[in-house]
Amino acid sequence: MLLQMEGITKRYGSLIANDRVDFSLQEGEVHALVGENGAGKSTLMRILYGEEQPSEGRIIVGGRERVFATPSDAIAAGIGMVHQHFMLFPSFTVAENIVIGREPKAGVKFDRKAAAEHVKTLSEKFGMPVDPWAKVADCPVGVQQRIEILKVLNQGAKIIILDEPTGALTPLEVEWLLKAIKRLAKQGISFILISHKLNEVLGSADRITVLRDGKVIGSVKASDTDAAALSRMMVGRELAKFERKPVVPGEAILTVDNVTVLGDRGTKPLLDRVSLTVRAGEIVGIAGVSGNGQSELLQVVSGLRRVHSGKVTLGGKDVTGLSAGEFRRAGLAHIPEDRYLWGSAKEESVADNAIMGHLASLSKGGILRKRLIREKVARWIDAFRVKTGSLETKAKHLSGGNMQKLIVAREMAHGTPFVIAAEPTRGVDIGAMETIHEALLKRRDEGGAILLVSSELSEILKLSDRILVLYEGRVAGELSAGDATEEKISFLMAGGSGNETH
Amino acid sequence: MGTLLDWSLLSATLWKVAPLLLAALAGALCARVGIFNVALEGMMLIGAFTAILGNDLFGNVALAVLFACFCVGLVSLLFAYLTIGLQANAIVVGMAINFLANGLTAFLLYAIFGVKGQYRDSTMSGLPQWHIPVIQDIPVVGELLSGHTPLVYLAFVLVAVLQFVLFRTVIGFRLLAVGENPAAAKSLGLKIRGYQYGAVVFGGVLCGLAGAQLSLGQVTLFTENMTAGRGFIALVATMLGQSNPLGVMASSLLFGFLDTVSTRLQGSSIPTHFTMMFPYVMTIVVMLFFKDKTYLRQSGRLDGK
């Protein structure tokens with residue numbers, strides 16, 4: 001056994017993040033670690049990487065017991081970590097990013113040429129092509145991840161921890177990465193894969209260990225299990241049977257009529273004569289490869305971006321050209337695409353984040369009604385099972401999934417006739433996903449109009465009554481829930497025309 | 001106006017630019033490790049005062065300069081401890097040090113020398129002027145390049161040294177890495193605080209040199225608030241030069257030149273107050289251009305070097 005973690009326990013005060021966790025890894029094995037947000041996966045890996053010290057338990061690498069006081073100790077023992085948010089230097093070259101800490105020298109000089117050659121050899125050896133002289137800021141996300149993996153390999157890692165490696169990748173990049181992992185495993189590198197995405201885990205891992213509430217629930221061979229069994233282990237209960245009740249849509253709540261948005265320098269339009277309607281009691285899904293106008297559409301229907309021509313009406317009112325505040329007053333709630341950029345203030349408390357946009361109903365004469373706020377926020381947190389220390393905890397200490405649940409709770413509480421749900425479950429675990437999907441469907445059943453934008457096709461297919469596919473700023477086609485299949489949508493996403501699907 | 005432009009104008013620019021350049025290099029170094037050092041002004045002022053004090057104590061110019069470097073080094077250590085060690089806001093700490101420097105030097109001026117406003121001792125010798133053999137005999141070049149204080153030459157040598165260290169050596173590379181992404185540098189096991197302390201304290205030493213050039217260079221005296229905003233202009237030069245030693249040199253030369261021109265204009269019919277405003281007005285104008293550049297840099301379109 002290459003790595004053994006035995007009886008690892010980690011306590012933060014009264015909270016137990018890891019409770020006698022055993023974890024092992026063989027040479028050339030891909031071992032996935034799955035579990036909901038806050039199940040203790042990250043804590044366990046931070047302990048292995050020397051960023052945290054275990055309260056109890058021991059780590060054995062290659063037959064020797066080790067104590068990792070800092071990441072440098074773990075790196076020296078052949079353990080490398082690729083963080084979820086890349087640790088790269090954007091203005092440096094690829095080669096510089098890979099050799100940093102082990103720079104080839106010529107006297108006191110940093111021999112950049114030797115570095116580039118070294119990186120070239122390394123990338124050929126492991127079959128991970130990169131251009132050593134390219135600047136990292138100019139590399140696509142998939143390549144940046146390759147750079148991270150090469151950096152870790154260059155540090156001499158035999159064990160690589162990948163924390164949510166596919167979160168920011170396009171489907172093609174994901175496919176490439178999973179293949180690369182398998183190939184590297186054959187070359188003797190071992191992987192620990194932390195992920196939410198069960199299908200990816202099942203397709204690439206040899207063994208899967210499930211954590212829940214800090215305890216190991218089970219460790220199974222990937223070939224002996226399936227997604228349903230894994231999610232049962234993760235959540236600890238049967239997931240509710242998913243049903244979409246037939247609802248007859250009512251009147252149009254949102255109409256977008258022939259909207260065009262031009263690029264900044266008069267380049268080709270970002271949105272090209274887009275028209276769509278969302279009626280009461282239906283969920284309209286927008287699919288498309290990211291960068292085909294989804295962000296612009298979201299900004300147009302939430303009042304964050306001006307249109308060059310066309311008309312937007314919301315709840316029967318012409319809102320074209322009005323401010324985001326007026327859109328909201330006309331009946332909009334908005335679960336934004338990027339929860340940190342648009343949806344929250346990381347340095348502020350959970351309570352303050354929760355009441356954003358609710359100030360009118362929670363204050364009197366300009367004074368906040370603290371008690372009312374506490375009651376309300378506590379109710380939302382209960383309803384959406386947001387895991388937080390207290391209402392005063394800073395938002396940045398919440399895990400991504402819990403932050404997302406808080407934002408969904410906040411936006412749903414507005415009770416508006418129209419809701420924008422943009423990537424509502426990005427980076428969120430199965431349990432949280434279920435909660436959020438239920439909330440969206442409930443609103444639909446109550447007669448709400450929902451515009452759903454998601455890069456997850458399965459989510460679009462599961463929730464939408466109608467599906468529109470965006471391609472290069474145009475509506476490439478529309479499918480009803482009954483007609484839509486993953487193949488048809490993919491075809492439209494790739495630029496095929498709606499008429500040829502049959 | 002006929003005498004406005006001649007070779008002595010450029011020569012004057014060189015010695016005017018030296019303190020500015022030294023301080024701007026200090027600013028650039030701090031910026032490269034991610035610390036916005038607004039205390040350049042105060043550090044320079046303390047350097048100017050302690051250079052005179054050291055000269056008075058030791059009667060030796062070289063020791064006086066070293067004493068100034070040491071004292072400002074201590075002040076910069078305080079700045080470093082507050083901003084790096086205690087993670088206090090660098091701008092607040094920097095401004096506090098600027099006001100402290102102003103009050104402290106005025107107070108010490110009275111406490112030690114018993115004078116207010118200005119101290120000058122005619123027996124005290126300033127920095128020597130180096131007349132470079134061969135070069136001083138070449139007509140224009142001699143007038144331009146020869147006859148400056150050692151600190152003027154040192155300032156320009158340091159530009160080359162820093163340029164080399166930052167962009168050619170391993171230690172410089174790591175220093176840049178610390179400034180670019182501290183979290184990533186830390187995860188690689190780099191001692192980020194060590195680099196930050198080092199940069200701030202070395203910057204303090206540079207400010208000490210800058211102050212010494214002010215009080216012992218062209219004149220040998222100390223006046224209350226004799227830096228007169230040069231530290232802030234140095235800060236602008238840092239930003240305009242993209243924290244790149246060569247760029248900082250170019251922008252410092254520009255400001256030094258403008259300063260010299262404004263001094264010259266005082267002899268003309270233009271009101272003095274207007275000419276004194278000149279470098280500062282130019283600073284604002286230059287900032288307008290600078291704003292655009294940072295935007296480009298943040299979006300990764302402009303080379304960080």
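How are α2(B) and α3(B) oriented to each other? Before the answer, a word on the model, which is a predicted one: local features need pLDDT of at least 70, side-chain atom pairs count only at pLDDT 80 or more, and totals for chains, interfaces and linings use all residues. Residues are numbered from 1 along each chain as its sequence is written, while chains are lettered from A and ligands numbered from 1 in the order in which they are written.

Start with helix α2 of chain B, which takes in residues 40-58. Helices here are DSSP runs of H or I with at least four residues, strands are runs of E with at least two, and both are numbered from the N terminus. The 19 residues of α2(B) reach 26 Å from first C-alpha to last, close to the expected 27 Å (1.5 Å times one less than the number of residues). Because 16 of those 19 residues are buried, α2(B) is largely enclosed by the rest of the structure. A residue is buried if 20 or more other C-beta atoms, placed from the backbone, lie within 10 Å of its own, exposed if 12 or fewer, and partly exposed in between. Just past the helix, Gly59(B) has a positive phi of about 65°.

Now for the partner, helix α3 of chain B (residues 61-85): α2(B) packs against it at an angle of about 140°, with the axes 7 Å apart. Axes are lines fitted to C-alpha atoms, for helices over the stretch in contact, and angles run from 0 to 180 degrees between N-to-C directions. The two helices are therefore oblique to each other; under 35 degrees would be roughly parallel, over 145 roughly antiparallel, 65 to 115 roughly perpendicular, and the rest is oblique. Among the residues that meet are Met43(B), Ile46(B) and Phe58(B) from α2(B), and Leu63(B), Phe67(B) and Val75(B) from α3(B). Contact means C-beta atoms, placed from the backbone, within 7 Å. By class, this contact has 13 nonpolar residues, five polar and no charged. Ala, Val, Leu, Ile, Met, Phe, Trp, Tyr, Cys and Pro count as nonpolar, Asp, Glu, Lys and Arg as charged, and the others, Gly among them, as polar.

Between the chains, 15 residues of chain B are in contact with 17 of chain A. On the chain B side, α8(B) gives the most, with four residues.

Over in chain A, Val61(A) sits in strand β4 (residues 56-61). With 21 C-beta neighbours inside 10 Å, Val61(A) counts as buried.

Note on methods
Two residues are in contact if their C-beta atoms, placed from the backbone, lie within 7 Å.
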